Each structure stands twice: as structure tokens, then as C-alpha cells.
Amino acid sequence: MSEESFLVVTELRAGYGGAQVLHGLSFAVRRGEVCAILGANGAGKSTLLRALCGMVRPRGAVRLDCADLTGRAPEAMARLGVAHVPEGRGTFTPLTVEENLRLGGYRHRRRADVEAGLRRVFGYFPVLEDKLREQAGSLSGGQQQMLAIGRALMLTPRLLLLDEPSLGLSPLVTQELFRIVRTINEEEGTTVIVVEQNAHLALENAHQAHVLETGRIVLSGSAAEIKADEQVARSYLGYRV
Ligand SMILES: Nc1ncnc2c1ncn2[C@@H]1O[C@H](COP(=O)(O)OP(=O)(O)O)[C@@H](O)[C@H]1O
Ligand SMILES: [Mg+2]
């Protein structure tokens with residue numbers, strides 16, 4: 001495994017009750033990279049992110065920056081810099097935009113750090129500053145996704161886990177979101193794992209990619225390699241290159 005590997009996942013197994021969903025995944029993500037996880041519905045992509053953020057208890061090993069995180073609770077994962085933006089966003093819709101963002105920054109002890117966090121988020125998503133006092137539930141789908149990512153950024157994460165940010169959004173809004181995620185990755189060096197059904201878009205914006213099929217990695221490579229392999233694109237990704 002390369003020295004620069006930031007996240008190292010070894011033989012990861014996880015599931016729900018007696019039902020095993022992930023059957024021994026091994027992969028590594030380098031520091032500062034965007035890693036795309038592709039695969040059909042039900043392949044286990046969301047379960048993988050849940051296992052990485054502690055929502056689902058895994059077996060195997062998860063190491064972040066050499067620290068063993070296997071089986072830690074979500075609260076501990078958040079403290080160690082892992083932020084999860086779940087499928088369906090997970091914003092608190094009755095609360096205002098500001099309340100949602102401040103909740104995201106709960107870990108900061110100093111008021112100044114919370115304020116600095118808010119300014120950072122507004123830099124990426126100016127629309128959230130305009131809508132500060134509005135209920136999260138009144139925002140458009142794209143704005144709610146921005147809020148969900150903004151809330152995760154309030155943690156100043158080292159590892160950002162994004163679960164299908166494009167779900168239900170127009171292609172234009174999705175493009176814009178991915179552009180901003182790339183900017184965050186480039187400006188802050190945040191390592192990102194993004195789960196996406198839109199393989200083309202994900203590969204355009206990722207360094208590495210892994211394809212999941214029924215809880216196993218069936219293909220790994222650089223985004224460029226995977227994109228360039230027409231056979232692969234047809235058999236696994238369901239689109240023509
Ligand atoms: N909360 C849950 N309880 C039980 N089974 C689940 C739960 N979430 C997902 N599953 C099952 O785990 C498998 C993988 O689901 P998931 O990780 O959501 O896949 P994906 O995100 O790739 O669509 C599916 O068979 C799904 O039915
Ligand atoms: Mg999913």
C-alpha cells in the first residue's frame with residue numbers, strides 16, 4: 001500500500017442484522033484525492049459509507065491516517081474528522097439554514113471558530129447566506145444539498161463522505177455541486193469519497209474509482225482508465241463512452 005494512503009480499508013464486511021451486504025472490501029484512498037464509488041442500486045454503496053462513518057458497525061479494518069477507526073461510534077468518527085452527507089441529505093427541515101449550519105459546527109468550542117466556519121461555507125455556497133433565516137425545508141433540492149454539504153464542512157472534515165449528491169437534482173445543479181466539491185477538495189485538501197449513480201459525472205470529477213457489485217469491488221482504477229475502457233463502461237456502468 002502506498003505511503004501516501006490516507007484511508008486504508010481492509011477486508012471490510014458489514015450488513016444489517018444477519019444479512020451481510022459488504023463481503024470483504026479492500027481499497028485505499030490517497031490524501032487529498034477524490035474517490036468515486038460506482039455501482040447499481042443495491043450494490044452496497046450507501047452501506048460502505050455508513051460503515052466508514054460508524055453508522056454501521058464493520059468487521060475488517062478501517063485506518064485513517066494510520067489510526068485504527070474500526071468499529072468507532074459516529075460521534076468519535078466526527079471528532080476524528082470524518083463527515084458524512086447521507087443519501088437524502090439529512091438536513092433538519094423544520095430548522096433554519098443557520099440553525100442547521102450551527103449544529104454542524106457543534107464541535108467547535110470557540111465562537112470565533114463557528115463564525116469562521118460559517119464564512120467558509122458562505123464562500124462556497126453564497127445562496128445559503130441569503131437564505132440564512134429560512135427553514136431548510138423551504139429550500140430547493142439543490143440548495144438543500146448545498147446545506148447538507150455546508151453542514152458537513154462546519155466540522156472542517158479531513159474525510160468527506162458524499163452519498164449520491166445528485167439524487168433528484170437537475171444536470172445543471174448537479175454540475176455546479178460537483179464543481180464546488182472539486183474546489184473544496186483543491187483548496188482545502190479535503191479527501192472525498194463520493195458515491196454516484198451518474199458514473200460519467202463522477203469520473204469527470206474523481207481521481208480514482210471503484211465499481212461495486214453485490215458488495216464486492218469488481219473494478220478499480222484511475223478515473224481516466226475506467227472512463228477509457230469502453231467494455232467496462234458498457235458492462236458495469238451502463239453508458240456508452
Ligand atoms: N437499513 C437497512 N436495513 C436492512 N437492509 C438494508 C438497509 N439498508 C440497505 N439494506 C440492504 O443492503 C443492500 C445494499 O444497500 P445499499 O447499501 O443501500 O446499496 P446502494 O447504496 O448501492 O443502493 C440492499 O440489499 C439493501 O436492501
Ligand atoms: Mg445508496
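I looked up the neighbours of Gly 137 and found that, leaving aside residues up to four places away in sequence, Gly 137 touches Thr 93 and Pro 94, contact here meaning that the C-beta atoms, placed from the backbone, lie within 7 Å. I noted that this is a predicted model, in which local features need pLDDT of at least 70, side-chain atom pairs count only at pLDDT 80 or more, and totals for chains, interfaces and linings use all residues. Residues are numbered from 1 along each chain as its sequence is written, while chains are lettered from A and ligands numbered from 1 in the order in which they are written.

I placed Gly 137 in the loop between α5 (126-130) and α6 (141-153), where helices (H or I, at least four residues) and strands (E, at least two) are DSSP runs, numbered from the N terminus. Gly 137 is exposed, because 12 other C-beta atoms lie within 10 Å; the cut-offs are 12 or fewer for exposed, 20 or more for buried and partly exposed in between, with C-beta atoms placed from the backbone.

I then turned to β7 (residues 159-163), where 5 of the 5 residues are buried, so the strand is largely enclosed by the rest of the structure. Leu 159, Leu 161 and Asp 163 point one way from β7, and Leu 160 and Leu 162 point the other way.

For pairing, which requires at least two DSSP bridges between two strands, I found β7 parallel to β6 (residues 82-85) over 4 bridges and parallel to β8 (residues 191-196) over 5 bridges. Leu 160 is the bridge partner of Ala 83, and the bridge partner of Leu 160 in β8 is Val 192.

Technical notes
Two residues are in contact if their C-beta atoms, placed from the backbone, lie within 7 Å.
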